[in-house]
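Trainee: Could we go through this model together before I set anything up with it? I would like to start with the overall picture and then go into the details.

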Amino acid sequence: MVQDPGETRILAISPHLDDAVLSFGAGLAQAAADGAEVLVNTVFAGTAPPPYSAAAERMHAVWGLSPGDDAPLHRRNEDIAALARLGVAYRHGRFLDSIYRRLPDGRWLTDHVEGGQKLAVAQDSPGDAALVAEIKDDIEAVVGEFEPTMIVTCAAVVDHPDNVAARDAALSAAREKNIPIRLWEDLPYSMFTPGKIELPHGFRLGDSEFLPATAETWKRKNEAVECYSSQLTMLNGRNKNLFARLDEHARKNSPRGGFGETTWPVLLDEDNG
């Protein structure tokens with residue numbers, strides 16, 4: 001992925017505080033080790049004032065936090081520690097996670113499902129073009145400062161509203177600035193609920209590419225993931241070994257059975273190029 005490390009600057013647009021590490025941590029660590037500058041910009045990292053939705057209160061409890069804890073601050077600190085393990089820089093955006101947002105009519109965008117940790121997004125929620133435009137403006141500001149030679153972000157395989165908004169804003173910003181962009185596979189979620197990648201009009205996927213990881217960068221990715229203790233309460237534990245699943249998934253996708261991660265280049269349709 002890095003052709004000229006000394007001239008390469010990679011901007012990773014992560015929807016949430018853990019997405020980039022879970023999905024592309026080894027690739028980012030390898031790029032940094034090769035000499036590239038790497039910056040992870042997490043979009044939905046803002047702090048929301050109470051009152052909170054039932055979904056947010058449920059998630060805070062699952063994460064092991066008390067009602068008085070600043071959950072986004074706690075998670076930002078986890079993210080800082082994780083990205084330090086990869087040897088990359090970070091920036092935390094101002095936007096609120098879906099569990100803290102409301103619909104125009106005042107209802108919460110996300111609710112929790114009784115008896116479990118799953119969340120339900122309002123099925124009648126409209127696409128938020130204004131939010132995508134705001135995120136794009138923020139990404140363009142980061143691009144102006146960092147001057148990336150490549151942007152990487154999520155494929156939004158799981159169709160989460162935050163992932164879709166972050167991806168679409170990144171695609172639009174990359175196209176206007178003529179910056180190559182690649183999409184990573186949304187791990188670990190795509191292993192549980194695989195889906196189709198549907199890009200906005202004017203964009204299409206190139207062929208997938210499996211980027212092999214060395215034993216060292218895979219180890220650093222795992223160490224970084226371990227920094228997200230709040231999220232591991234959901235993703236790891238009895239009967240759901242996250243790290244074993246990531247290993248198995250990587251070996252399944254690898255042409256040679258080793259570790260690594262999958263990305264796709266994004267191309268412009270010919271009639272929109």
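Trainee: What radius of gyration does the protein chain have, and what would a compact globule have?

Mentor: The radius of gyration, taken over C-alpha atoms, is 18 Å for the protein chain, which agrees with the value near 19 Å that a compact globule of 273 residues would have. The globule rule behind that is 2.2 Å times the number of residues to the power 0.38. Keep in mind that this is a predicted model, in which local features need pLDDT of at least 70 and side-chain atom pairs count only at pLDDT 80 or more, whereas totals for chains, interfaces and linings use all residues. Residues are numbered from 1 along each chain as its sequence is written, and side-chain values use heavy atoms, with hydrogens and water left out.

Trainee: What are the spans along the principal axes, and how many helices and strands are there?

Mentor: The C-alpha trace of the protein chain spans about 50 × 45 × 30 Å along its principal axes. There are nine helices and ten strands in the protein chain, where helices (H or I, at least four residues) and strands (E, at least two) are DSSP runs numbered from the N terminus.

Trainee: How much of the chain is buried?

Mentor: Buried residues are 51% of the 273 in the protein chain, with buried meaning under 20% relative accessible area, exposed over 50% and partly exposed in between (1.4 Å probe, protein chains only). Of the contacts in the protein chain with a separation of 6 or more, 81% are between residues 24 or more positions apart, a contact being heavy atoms within 4.5 Å.

Trainee: Let's move to helix packing. At what angle do H7 and H9 pack?

Mentor: Helix H7 (residues 215-226) packs with helix H9 (residues 242-253) at about 145 degrees, and their axes are 11 Å apart. Axes here are lines fitted to C-alpha atoms, for helices over the stretch in contact, and angles run from 0 to 180 degrees between N-to-C directions.

Trainee: Which residues make the contact?

Mentor: From H7 they are Trp218, Asn222, Val225 and Glu226, and from H9 they are Leu242, Phe243, Leu246, Asp247 and Ala250.

Trainee: And Lys221, is that buried or exposed?

Mentor: Lys221, which is in helix H7, is buried, with a relative accessible area of 0%. Not counting residues up to four places away in sequence, Lys221 touches Val21, Leu22, Ser23, Phe24, Gly25, Ala26, Leu86, Leu187 and Glu261.

Trainee: What about Arg251, where is that?

Mentor: Arg251 is in helix H9 and counts as partly exposed at 42% relative accessibility. Beyond four places in sequence, Arg251 touches Gly257, Gly258 and Phe259, while its C-alpha atom is separated by 9.6 Å from that of Glu261, ten residues apart along the chain.

Trainee: Switching to the backbone, which peptide bonds are cis?

Mentor: Pro50 and Pro51 are joined by a cis peptide bond with omega about 5 degrees, and Pro51 is in the loop between strand E2 (37-42) and helix H2 (54-62). The bond from Leu187 to Pro188 is also cis, with omega near 0 degrees, and Pro188 lies in the loop between E7 and H6.
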